[in-house]
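Hi everyone, and thanks for letting me take a few minutes today. Please have a look at the chain on the screen, and then I'll walk you through some of its parts.

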Amino acid sequence: MSRLPVTEAELIERYGPHLNLEPPGGWNHGLEIDREVETHCCFCGQQCGIKLKVADDRVVGFEPWYDFPFNKGKLCPKGVKRYLQGSHPDRLLEPLVRDPGADGGFREVDWDTALQRTVAEIQRIQGAYGKDSFALLSGVSLTNEKSYLIGKFARLALQTANLDYNGRLCMVSAGAGNKLALGADRAPNPWSDIPLAEVVFVAGANVAECAPITTSYIWQARDRGAKLIVSDPRVTPLARTADVFLGVRPGTDSALMGTILHVLIENDWLDHHFIDEHTSGFADAAAAVRDYTPQWGARTCGVPEDRIVEAARLWGTSQTGMLLHARGIEHQSKGVENVLSCINLGLATGKYGRPGAGVCTITGQGNGQGGREQGHKCDQLPGNRDITNPEHREYVAGVWGCDVDEIPGKGLTAQEIIEAIHDGQVKGLLSICFNPAVSLPDTAHTAAALDKLEHYTTIDFFLSESAQHADVVLPGSLHEEDEGTTTSVEGRAIKINAAVPPPGNARLDWEIFLDLARRLGRGQYFGYENTEQVFEEMKVASHGGTADYNGMTWQRIEDEHGIFWPCPTEGHPGTPRLYEGGVFAHEDGRGRFHAVAFREPAEVVDDEFPLWLTTGRVVSQYLSGTQTRRIGALVEQYPEPLCEMHPRLAAELGVRTGDLVTVTSRRGAMTTPARVVESIRPDTVFIPYHWPGSRAANQLTNRALDPVSKIPEYKVSAVRVARAEGHVEVRDRRVTTLQERASGGASGGWTPGDGS
Ligand SMILES: Nc1nc2c(c(=O)[nH]1)N[C@H]1C(S)=C(S)[C@@H](COP(=O)(O)OP(=O)(O)OC[C@H]3O[C@@H](n4cnc5c(=O)[nH]c(N)nc54)[C@H](O)[C@@H]3O)O[C@H]1N2
Ligand SMILES: Nc1nc2c(c(=O)[nH]1)N[C@H]1C(S)=C(S)[C@@H](COP(=O)(O)OP(=O)(O)OC[C@H]3O[C@@H](n4cnc5c(=O)[nH]c(N)nc54)[C@H](O)[C@@H]3O)O[C@H]1N2
Ligand code: SF4
Ligand SMILES: [Mo]
């Protein structure tokens with residue numbers, strides 16, 4: 001087992017500090033290409049079309065796919081380099097079982113041995129402690145078909161209520177807000193609406209780095225004269241070009257949006273006809289912001305008063321406008337309230353159901369949209385149905401051919417499952433496409449939970465940091481090895497095509513679940529021969545739900561370059577824009593305002609922890625990093641987490657770029673190089689979270705959850721920062737560019753009086 005490096009130190013020893021595996025001249029120099037396969041990028045929710053080049057059953061490169069309408073051949077650095085994962089020497093090729101005596105802590109076994117071990121443990125644990133003592137955690141880098149299958153597997157094969165997914169760390173605040181206010185959960189607009197907007201308001205989204213293709217839609221709007229408003233504690237690359245930059249203090253978005261609503265009301269920049277005819281609850285929402293004057297908003301959010309008023313004026317006096325939000329406002333213990341306060345601004349000004357008008361969340365993971373519809377959330381059945389609703393249960397039981405009582409009730413959410421492991425309620429875990437050891441808040445707490453499990457099986461194609469805690473590791477499939485559909489940021493279902501078979505003894509993810517179901521004696525519910533059959537059942541299961549795929553076929557999806565849901569019947573063209581004519585998805589057709597009163601984040605700064613910490617992403621790394629930390633060119637671009645801080649704070653601490661700093665919170669401490677930039681609030685530091693172990697930002701973050709969505713508050717913790725011994729050369733290639741541009745006088749540079 002010497003092939004499997006298990007610790008960070010071993011990885012570094014083996015591959016060098018930057019894991020750069022690409023030989024000079026590239027791996028695929030001079031190879032003859034057998035075929036090009038039209039498919040989509042495996043990474044973010046933009047789901048860019050891409051053509052993968054295949055030689056000798058290996059993906060060896062890519063070509064732009066100019067015909068796919070969303071990205072028209074454009075790709076970001078991750079899309080360009082994604083093809084380097086498949087042939088990576090760390091790829092898992094055989095099932096593994098934990099063996100403390102073996103080199104690397106694991107021993108290779110055959111599939112039968114591995115699966116029997118897992119099944120025996122499921123049966124032992126469920127026999128001793130009850131069905132719900134075995135939990136399943138899933139992920140939304142998986143296709144719709146796999147999400148659907150896993151939801152059904154948990155309910156009918158494992159028979160546990162405790163199934164949840166990594167979208168819980170990502171999209172759930174937006175999902176809950178959308179459903180509460182609008183009745184359906186999807187960005188209401190196709191992205192082709194963005195260029196039609198007179199105002200684009202980007203709230204808590206680092207568009208250029210995390211949704212790179214969306215930038216080009218915003219540029220198109222700019223070319224037509226659109227104004228740009230950005231709210232973020234950091235001057236992100238996009239924010240450098242903004243007309244109005246609102247440098248909010250972390251955790252104050254509902255105060256900012258509430259103040260904007262107050263100003264809209266004071267100036268009568270409202271669409272009264274829309275409010276009267278198409279909404280309910282305006283009076284209560286207005287009452288909640290009665291005292292949210294610009295002075296109060298400025299004090300609370302740390303943003304100059306006149307900028308808030310200017311943002312309100314631009315939004316309120318324009319005919320069209322799009323508000324795009326992402327995790328900056330959603331990753332909070334009031335994530336749902338933040339989303340609702342954005343939707344209030346859309347409803348108040350009638351910005352729904354028309355070209356160029358809408359409030360949209362930008363989805364995160366590849367299938368962040370579809371994966372939150374097909375029923376692998378703890379409270380959900382396919383079609384975005386509610387697992388506690390008797391009619392919804394009855395319908396799905398009919399499709400599954402089971403007794404309705406066989407479908408368990410609502411289970412625990414992802415973070416609650418970790419707490420339940422600590423409490424001894426959950427004893428066994430199966431996970432796929434989820435790396436909680438890196439991605440959940442408070443990593444020490446997560447690691448202790450994983451180690452406390454009586455049994456843990458995980459399915460992955462790399463030995464992730466979570467897999468290193470497992471008893472059984474099953475080698476699953478990479479994106480390009482299986483086919484199915486995903487649903488992109490726009491709500492467009494698209495076709496993922498298989499380019500190559502899984503290498504070695506790795507298997508397709510969905511086949512692993514079928515095998516497990518058979519071994520659990522529940523094979524009768526899982527008689528699929530291929531994933532197209534799963535799709536055919538899934539679309540029936542979704543019929544009549546808000547996310548209705550019933551009229552789609554794989555062939556149509558491919559021929560039409562994707563279909564927007566709802567698409568309830570054969571021949572239905574799909575629905576690029578929701579709520580046309582102001583008709584919302586609630587039974588009364590009205591959009592609902594919500595009264596949102598500002599409250600502070602779960603943790604606030606004090607004398608001991610005087611700075612705000614916020615966390616997020618950089619363009620070249622993806623999520624917990626298991627994939628992108630293995631791609632040399634991406635690692636080169638941003639090799640290690642840097643603690644971004646403002647020059648004023650750096651001067652107070654006596655720190656220059658490259659000096660090591662120790663960042664301490666109530667959960668833990670980490671030491672990492674500083675990066676001094678003018679593009680961040682002086683009272684805030686930012687650390688990207690893509691690294692494990694001692695380099696994990698989640699050593700510091702807070703486990704506080706939003707009461708409705710149960711999303712962790714990744715975006716707000718209180719910390720102190722001190723200079724540590726040592727200095728390293730900072731290799732981040734962006735440092736110069738950012739500093740040069742910021743000092744070049746764009747709206748980016750922080751000026752005293754901008755808050756804090
Ligand atoms: N390169 C890259 N792209 C990705 C991913 C990746 O890992 N790497 N992941 C994908 C996934 S799953 C997701 S969820 C998306 C995430 O996409 P984004 O949400 O755009 O990315 P984040 O970096 O998490 O946070 C966005 C911004 O929120 C700001 N922010 C922090 N705190 C606050 C706050 O209190 N209020 C406001 N208004 N803003 C705040 C941060 O400064 C940051 O600029 O990206 C997707 N795309
Ligand atoms: N501090 C902080 N923490 C955060 C965030 C933040 O902004 N700040 N963001 C949060 C967000 S938005 C998200 S989405 C989560 C993401 O957190 P995770 O979902 O834990 O992150 P991933 O890196 O996607 O982990 C997925 C694992 O599944 C594997 N995998 C990927 N695709 C497949 C597949 O098709 N099949 C199989 N079998 N395995 C697969 C990968 O190798 C990887 O090990 O992190 C969250 N954590
Ligand atoms: S923008 Fe997202 S989908 Fe497109 S290439 Fe980059 S990571 Fe892939
Ligand atoms: Mo995400």
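Let's begin with strand S16, residues 428–432, which is mostly covered, with five of its five residues buried. Buried here means under 20% relative accessible area, while exposed means over 50% and partly exposed is in between, using a 1.4 Å probe and protein chains only. Helices (H or I, at least four residues) and strands (E, at least two) are DSSP runs, numbered from the N terminus. Both faces of S16 are covered: Gly428, Leu430 and Ile432 are buried on one side, and Leu429 and Ser431 are buried on the other.

Before I go on, a word on what you're looking at: this is a predicted model, where local features need pLDDT of at least 70 and side-chain atom pairs count only at pLDDT 80 or more, while totals for chains, interfaces and linings use all residues. Residues are numbered from 1 along each chain as its sequence is written, chains are lettered from A and ligands numbered from 1 in the order in which they are written, and side-chain values use heavy atoms, with hydrogens and water left out.

Which strands pair with S16? Strand S6, residues 134–138, pairs with S16 in the parallel sense over four bridges. Here Phe134 has Gly428 of S16 as its bridge partner. Strand S17, residues 455–460, is joined to S16 by five bridges, and these two also run parallel. Two strands count as paired if DSSP finds at least two bridges between them.

For the antiparallel case, look at the open sheet of three strands in the order S19-S20-S21. Its edge strands are S19 (484–487) and S21 (563–564), each pairing on one side only. Four bridges join S19 to strand S20, residues 492–496, and Thr485 stands opposite Lys495 in S20. As background, strands of a sheet pair through backbone hydrogen bonds, either parallel or antiparallel.

Now to the helices. Helix H14, residues 335–348, has 14 residues and reaches 20 Å from its first C-alpha to its last, close to the 20 Å expected at 1.5 Å a residue. That expected span is 1.5 Å times one less than the number of residues. Is H14 enclosed or open to the outside? 14 of the 14 residues of H14 are buried, so the helix is largely enclosed by the rest of the structure. Just after H14, Gly350 takes a positive phi of about 65°.

In one of them, Arg599 meets Glu337, with the closest N and O atoms 2.7 Å apart. This pair links distant parts of the chain: Glu337 is in H14, Arg599 is in the loop between strand S22 (591–592) and strand S23 (611–616), and they are 262 residues apart. Glu337 counts as buried because its relative accessibility is 19%, whereas Arg599, at 30%, is partly exposed.

An α-helix has 3.6 residues a turn, so residues three or four places apart point the same way. Lys539 is buried at 9% relative accessibility, and Glu536 is partly exposed at 32%. There is also a network of salt bridges linking Asp112, Arg507, Asp515 and Arg519.

Last stop: ligand 3. Among the residues around this ligand are Cys41, Cys44, Cys48 and Cys76. A residue is near a molecule or strand if one of its heavy atoms lies within 4 Å of it. Helix H2 (77–81) and helix H7 (212–223) are the elements that give two or more residues to this shell. By class, the shell has eight nonpolar, three polar and one charged residues. In that scheme Ala, Val, Leu, Ile, Met, Phe, Trp, Tyr, Cys and Pro are nonpolar, Asp, Glu, Lys and Arg are charged, and the others, Gly among them, are polar.

Terms used
Salt bridge = Lys/Arg side-chain N within 4 Å of Asp/Glu carboxyl O.
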